[in-house]
2 protein chains.
Amino acid sequence: MNALKKSVLQAKKTASVLALLSAEQKNAALRAMAASLDAASSKVLTANRLDVDAARKKGLAAPLLARLALDAAKLKNIAASVDAVAKLEDPVGRVLWERQRPNGLCIRKVSVSLGVILIIYESRPNVTADCMALCLKSGNAVILKGGSEALRTNQAMFEALVKGAVRSGIPKAAFQLVGSSGRAAVKELLSMEDVIDLVIPRGGEGLIREVAKISKIPVIKHYKGVCHVYVDKEADLAKAERIVVNAKTQNPAVCNALECLLVDESVAKKFLPSLGLALAKKKVEIRADEKARPLLSGAKKASEKDWGAEFLDLILAVRVVKGLDGAIAHIEKYGSRHSDAIVTENKKNAELFTNTVDSSAVFVNASTRFNDGGEFGMGAEMGISTDKLHARGPMGLEELTSYKYVVLGDGQIRA
Amino acid sequence: MNALKKSVLQAKKTASVLALLSAEQKNAALRAMAASLDAASSKVLTANRLDVDAARKKGLAAPLLARLALDAAKLKNIAASVDAVAKLEDPVGRVLWERQRPNGLCIRKVSVSLGVILIIYESRPNVTADCMALCLKSGNAVILKGGSEALRTNQAMFEALVKGAVRSGIPKAAFQLVGSSGRAAVKELLSMEDVIDLVIPRGGEGLIREVAKISKIPVIKHYKGVCHVYVDKEADLAKAERIVVNAKTQNPAVCNALECLLVDESVAKKFLPSLGLALAKKKVEIRADEKARPLLSGAKKASEKDWGAEFLDLILAVRVVKGLDGAIAHIEKYGSRHSDAIVTENKKNAELFTNTVDSSAVFVNASTRFNDGGEFGMGAEMGISTDKLHARGPMGLEELTSYKYVVLGDGQIRA
């Protein structure tokens, strides 16, 4: 047996121990992990500098370098996030419902840990700490397969976090960092369906499609976030402008940022010129269809490939549509089932939109940027799912659990 | 495009219509379907006789023939089950939680239909009606791929049920019966991951493993039910005998029937001789380990392959174990994570068992035969899952839904 398989089997062995930890034990360990990471700050930052230097030499693109680079303040935030997970409610052992049956049986549906969770991610080091914290709190063992560019950083963070956990009595094997890089290790992990219960891939669409294609283990994922805002003929146009500017520019590099604006033809003339000026101030490039372009000074002509595109940048596709039906049809054809919004004061239109648009989160008069575990009041999140099975939308602690039925009787037999 | 693909795409097109049907529309259709099936009784029974005759000529085994064969009473029950689904609560549109956020956003987690569900099953014709009823009630389109032995029966039932549904305004394409037999059709269906949302295979372990292996679509399943009863040293032995006899003999052909009895060494001498007589009366063949055999008159010697075996027949494996730990270790090694029970009057032992045994349902002082949607008060069921993602244990109407977040704002933007 190779080292990789051995480490996964060791994690599996700890799963039954982790599943039965009390909230107090887990919270004490999380606090110790946060403190230990804080104490290892200079070690982690040194490792991170080596990673960043190597990545720069390899010519990694600037946005990726920015994601990789840590400083003391960022690291402090990461440790604080681990500490914050200690304050969240224990997701394990919740009684989801309880029923007394006519024959006297008491049926309880109780939340339980999943077992072993594999996270495959690219070069954001905060994912290492977040996933370790969330998996421990949900009583799961975790296998971390991070990007090779961040390996030194991840290793330094991982060691500090494990040290804190072990000091609090958590089995060391509950956390496994896969050092070996490359596709062979990933492929081997994804074939261990008898040992690993769930895979969560995070990163670019290419990585996620590759994982979904070869995995024998259930995968929860989103490929991309092509988010739409539809401005209805009965929209409050001031709200609409505020929401569009926020959804596009507040953080354009993330999956819940706006990529395509749809405007009802009856309000396009009134709405778009002012919006164009506001977006120009934020340096947003506009790619508009034939009807919208004359109303947006400086707009480029949109091509077919701009519909459904995930720009992750200060670029916005704009299209004039025929009412709500036109908007819904566009989203159905080009959307990614992630986050879509309507701006309207008409309740019926709002309801038709939220009922019909088949996305993980649908918004009425609010920015798509709110599709986020923290903003939904769920605490930290493992990512956002556009799948429909098990977990959809932000994946928090509850989504890292399953359930079992516990049936208490007094000798009942079936007639 | 071939006919199979065309029919699945037609089903997909209806999904958005089905998802928005009101409870009243669905319930009226279910009642009409039941009435239409009742009215077609002689047609269905004629078709069934042809299927049964052909299967007998082909040499189908007696238990399979029994499953395939219908009579007027059985068919009446099937129609009554369809009617009963009309009385269950609508699983779509439930508000699972609602939160008002400090910024004024109202976040609602709302249950929604999954979309298109594929059922692959063998020769039990009642599955056709049950699945059509449950899928309609949960707002899903359904693709039915039944066993070729039951094709004429399924077709006659299907036609009658669809006629009733269409009369109530349900789109005909919401139900698709795959006529083409053979693995090629199944393989093609299982590759349509962009159109079909969920596959539920029902039948023998071989069929289910094959489906799980080749499917690109998420599968919910159980391979087999190797259910255990552990008789603790603090068991009420009268209760234990009643539970063991019931779990083994009340319906030995089903997945929640008992297959292996584990007895604590300290009560084996007191418990087994009387149990042996009770089981002999029910003509149960006993395969016992070395310690149990002398205590059970007429018992055969168990071999390694009897542990973990799914007999689905009047055969019981019996093993003497060292206390609770021995029982848990045996179940961990040989169990199928389906249904396992402890008989004990000791609350701590009961709790340790229910916390540690990783099965879809764990029982204290009750027969494993209760792992069933109806017995749990969930109404009809689509099958039982031993998976941990999305649905575990009996799959009822709620398990045929997903959810979305509906966020209502008044112009909120993210800071």
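Me: A crossing of two helices is left-handed if the near helix is turned anticlockwise from the far one by less than a right angle, and right-handed if clockwise. In which sense, left-handed or right-handed, does H3(B) pass H7(B)?

Reply: Before we start, keep in mind that this is a predicted model. H3(B) passes H7(B) in a left-handed crossing.

Me: What else do I need to describe a helix pair, and what are the values for H3(B) and H7(B)?

Reply: Two packed helices are described by the angle between their axes and by the distance between those axes. Here, helix H3 (residues 41-57) of chain B and helix H7 (residues 151-167) of chain B have axes that come within 7 Å and cross at roughly 165°. That angle makes H3(B) roughly antiparallel to H7(B), since angles over 145 degrees count that way.

Me: Which residues of H3(B) and H7(B) make the contact?

Reply: H3(B) brings Lys43(B), Val44(B), Ala47(B), Asn48(B), Leu50(B), Asp51(B) and Ala54(B), while H7(B) brings Leu151(B), Arg152(B), Thr153(B), Ala156(B) and Met157(B). Sorted by class, the contact of H3(B) with H7(B) has seven nonpolar, two polar and three charged residues.

Me: How do the axes of H5(B) and H6(B) lie?

Reply: Helix H5 (residues 72-87) and helix H6 (residues 126-137), both of chain B, have axes that come within 9 Å and cross at roughly 15°. H5(B) and H6(B) are therefore roughly parallel to each other. This crossing of H5(B) and H6(B) is right-handed. Among the residues in contact are Ile78(B), Val82(B) and Val85(B) from H5(B), and Ala129(B), Ala133(B) and Leu134(B) from H6(B).

Me: On to sheets. What is the strand order of the open four-stranded one in chain A?

Reply: For a sheet, start with the order and the sense of pairing. This one goes S5-S4-S3-S6, with parallel pairing. Its edge strands are S5 (175-177) and S6 (198-201) of chain A, each pairing on one side only. The twist averages 15° from one strand to the next. For a closer look, S4 (residues 141-145) of chain A pairs with S5(A) over three bridges, and the partner of Ile143(A) in S5(A) is Gln176(A). Helix H6 (residues 126-137) of chain A lies across S3 (116-120), S4 and S5 of that chain, running at about 165° to S4(A).

Me: How many residues sit between S1(A) and S2(A) in their hairpin?

Reply: There are five residues between them, and Gly104(A) in the turn has a positive phi of about 95°. Five bridges join S1 (residues 95-100) and S2 (residues 106-113) of chain A in the antiparallel sense; in one of the bridges, Gln100(A) is partnered by Cys106(A).

Me: What is the order of the ten-stranded sheet?

Reply: It's an open sheet with mixed pairing, and it takes strands from chains A and B: S10(A)-S9(A)-S11(A)-S8(A)-S7(A)-S12(A)-S13(A)-S16(B)-S2(B)-S1(B). S10 (300-301) of chain A and S1 (95-100) of chain B stand at the edges with a single partner strand each, so one side of each has no neighbour in the sheet. Helix H11 (residues 268-281) of chain A packs on this sheet, touching S7, S8 (258-264), S9 (285-288) and S11 (315-321) of chain A.

Me: How many residues does each chain give to the contact between chain B and chain A?

Reply: Each gives 65 residues. The area buried between them is about 5500 Å², with 51% from carbon and sulfur atoms. On the chain B side, Leu389(B), Tyr405(B) and Arg414(B) lose the most area to chain A, together 15% of what that side buries.

Notes: Residues are numbered from 1 along each chain as its sequence is written. Chains are lettered from A and ligands numbered from 1 in the order in which they are written. This is a predicted model: local features need pLDDT of at least 70, side-chain atom pairs count only at pLDDT 80 or more; totals for chains, interfaces and linings use all residues. Side-chain values use heavy atoms; hydrogens and water are left out. Axes are lines fitted to C-alpha atoms, for helices over the stretch in contact, and angles run from 0 to 180 degrees between N-to-C directions. Helices (H or I, at least four residues) and strands (E, at least two) are DSSP runs, numbered from the N terminus. Angles under 35 degrees count as roughly parallel, over 145 as roughly antiparallel, 65 to 115 as roughly perpendicular and the rest as oblique. Contact means heavy atoms within 4.5 Å. Ala, Val, Leu, Ile, Met, Phe, Trp, Tyr, Cys and Pro count as nonpolar, Asp, Glu, Lys and Arg as charged, and the others, Gly among them, as polar. Two strands pair if DSSP finds at least two bridges between them. Buried area is the accessible area (1.4 Å probe) that two parts lose on being put together, summed over both.
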